[in-house]
Protein chains: 2
Amino acid sequence: MTNRKNPSSIQDTLKAIMGAQRIILCAHLQPDGDTIGSLLAMKALLERLGKEVTAICHDPVPKNLHILNGWEAVQLASECTIDRFDLFCALDCSDSDRLGDALPLFNKAPLKMVIDHHASNTFYGDINYVDSKVAATGNLVFRLYEAAEMEIPIEVTPYLYAALSSDTGNFAFGQMDEEFFVQISNLLKAGLDITRYSRALHLMKEVDFVKLLSRALASLSFICDGKISYMCLTQQDFKESETAPESAEGLVNYALNLPGVQMCFLATETRENRVKFNLRAIQPHNVAEIATHFGGGGHVLAAGCTLEMPFEKAVSLMKERMSQSVC
Amino acid sequence: MTNRKNPSSIQDTLKAIMGAQRIILCAHLQPDGDTIGSLLAMKALLERLGKEVTAICHDPVPKNLHILNGWEAVQLASECTIDRFDLFCALDCSDSDRLGDALPLFNKAPLKMVIDHHASNTFYGDINYVDSKVAATGNLVFRLYEAAEMEIPIEVTPYLYAALSSDTGNFAFGQMDEEFFVQISNLLKAGLDITRYSRALHLMKEVDFVKLLSRALASLSFICDGKISYMCLTQQDFKESETAPESAEGLVNYALNLPGVQMCFLATETRENRVKFNLRAIQPHNVAEIATHFGGGGHVLAAGCTLEMPFEKAVSLMKERMSQSVC
């Protein structure tokens, strides 16, 4: 980690790309729409520039992103056998820990490039095209198309749409600005079928998710004059609905988006005497400090922790701690 | 209703506005974000042009749109006492039936103007600025700002955002094109606080809605190899959750946005022997013909009907009819 964070210019970034022939592109572990969308869009750009591209990731591409044609080209980093390459480019990875199994390849790269938008980026590359003012890494890949004077091909439009819309929760939060929507406009101009991909990426839910949503909402409770809400999922819920705790991903937001709620949690009994908490808040509150208090961590408005104790006791402790913070 | 649908040009529309001094603006009954957003944005434009504006609607402005500053200025049409005015302008109203209690005022207007984007518009005005290629009537109001060479004031940005984002389900469907997102970009440029209004208009849910969501999802069932899904809300559900059938608005979409589902319904027992059905489909299916079969109506992908019979019998009939259509 360098102390001085001087971002590389887009010209230097493009120059480094042009000077390389064999390039590894890497998404972050537990990949999302921004990192995979950016990777696939970048791969298409580089291939049009005549490069040999290998795309890798620590984890498999999640099922919801299989709507993106060509996702199968993303190899597991642990299975990547390439040993001679000119450039390693990490996309949407704030630090080298986010590379997972790709770290050894990164370490032996003759030239290391980082393209990212996280404010927490540690500038761990030789070239760091980092801009924390954009909403998504996909915005930076879009700019690279412009810098390379390359039209966005129609088949690339879903990649950049996935990147831009995922990191903004389908245009609901994040640092969207004038440029952001000019880029979306240009994707439409280039032929993006926005309704098809919006449905697939943002409207569709898995059946297991809605089963758990139903049970979690049935447990919805309020304390502190309605300023705090919480929901619970117990081992019994998972057993009766034949689902797994993993399917509850994202469910906590349903407790937050209710009138008057300022902070909320979802308590999930992942096994006996083990309770996972997802915490959410709206400004100016802070759930990161609550999570940290219980040995967890995260962001100011979205954090998490795990308590090793009986379910009722853990929920009671969290209610108490959250009330101190909000009431 | 005229047979020849020749839309008026934006220049003729603006000219008619410039020639009037006292103007009535009218939203459609059961108003939504597009009609109210367009009305408030239009009101601000006309006032900047020095006009005296009266804003009316058959129904009150719904609660979720109270986030839009100045909504209180919209009067109930039945209470509007104005008798001398130069121009009546209907916004987002496809035909004169959509004016409700404002129809008598429309009928006696010296000049009648219609600004709308519905393909079903009947061209019932003297000036019909109708363009069915845009996603929202708000897009046309935006164009009028441009034609009048008026900058979008920051306080108007939430109105146009409400219009554009409501009619597209927060950018999920509808006729969004290059111009649509250029307009959104310009709203950001003009200072739109998009995350604030996105949360208020698209993320927030009422507590009664999530109570019913929980119960409806608990009833979620599939037939026809999972191609048809359905959910039920009975009188008992409303009684136990202390909610009313009105709070179930929009809930049916949760049954549609599941993998493999091509058609779905929500059956709501509004009172004994009276069952309301909300029907949804994805292309190329047609629920309008199913609704019509049962004496209801609506659009190809979203329709409804009411059956006067015991709940179980009504659900059984609907399952049978839908299966014939899909399986």
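Visitor: Into which domains is chain A divided?

Guide: Chain A is divided into domain 1 (10-203) and domain 2 (208-326), with bounds that come from an automatic or database domain assignment. The centres of domain 1 of chain A and domain 2 of chain A, taken over C-alpha atoms, are separated by 32 Å. As for conventions, this is a predicted model, in which local features need pLDDT of at least 70 and side-chain atom pairs count only at pLDDT 80 or more, while totals for chains, interfaces and linings use all residues. Residues are numbered from 1 along each chain as its sequence is written, chains are lettered from A and ligands numbered from 1 in the order in which they are written, and side-chain values use heavy atoms, with hydrogens and water left out.

Visitor: Why is the contact between Asp237(A) and Arg215(A) called a salt bridge?

Guide: The term asks for a side-chain nitrogen of Lys or Arg within 4 Å of a carboxyl oxygen of Asp or Glu. In this pair the closest N and O atoms are 3.1 Å apart, so the contact meets the definition.

Visitor: What makes Asp237(A) buried or exposed?

Guide: Buried means under 20% relative accessible area, exposed means over 50%, and partly exposed lies in between, with a 1.4 Å probe and protein chains only. Asp237(A) has 15% relative accessibility and therefore counts as buried, whereas Arg215(A), at 25%, counts as partly exposed.

Visitor: How many salt bridges are there over all chains, and which partners does Arg143(B) meet?

Guide: A search of the whole structure finds 16 salt bridges over all chains. One of them joins Arg143(B) to Asp131(B) at 3.0 Å, N to O. This pair links Arg143(B) in helix α4 (residues 137-147) of chain B with Asp131(B) in the loop between β6 (127-130) and α4 of chain B, 12 residues apart, and both residues are buried. Arg143(B) also meets Glu179(B), at 2.8 Å, N to O. Here helix α6 (residues 178-189) of chain B, which holds Glu179(B), is linked with helix α4 of chain B over 36 residues. Glu179(B) is partly exposed because its relative accessible area is 27%, while Arg143(B), with 18%, is buried. In chain A, salt bridges that share partners join Asp131(A), Arg143(A) and Glu179(A) into one network.

Visitor: How do you know that β1(A) and β2(A) pair?

Guide: Two strands pair if DSSP finds at least two bridges between them. Strand β1 (residues 22-26) of chain A and β2(A) have 5 bridges and run in the parallel sense. In strand β2(A), 5 of the 6 residues are buried.

Visitor: What is the order of the strands in the open sheet, and which are the edge strands?

Guide: The open sheet of 6 strands in chain A has the order β3-β2-β1-β4-β5-β6, with parallel pairing. Its edge strands are β3 and β6 (127-130) of chain A, each of which pairs on one side only.

Visitor: What lines the second largest pocket?

Guide: A pocket is an open set of points on a 1 Å grid over the protein atoms alone, with protein on both sides within 12 Å along at least five of seven lines, and lining residues have an atom within 4 Å of a point. The lining of the second largest pocket includes Phe142(A), Tyr145(A), Glu146(A) and Asn186(A), and its largest share, 3 residues, comes from α4(A).

Key: Helix = DSSP H or I, 4+ residues; strand = E, 2+ residues; numbered from the N terminus. 1 Å grid on protein atoms, 1.4 Å probe; cavity = no way out; pocket = protein on both sides within 12 Å on 5 of 7 lines; lining within 4 Å.
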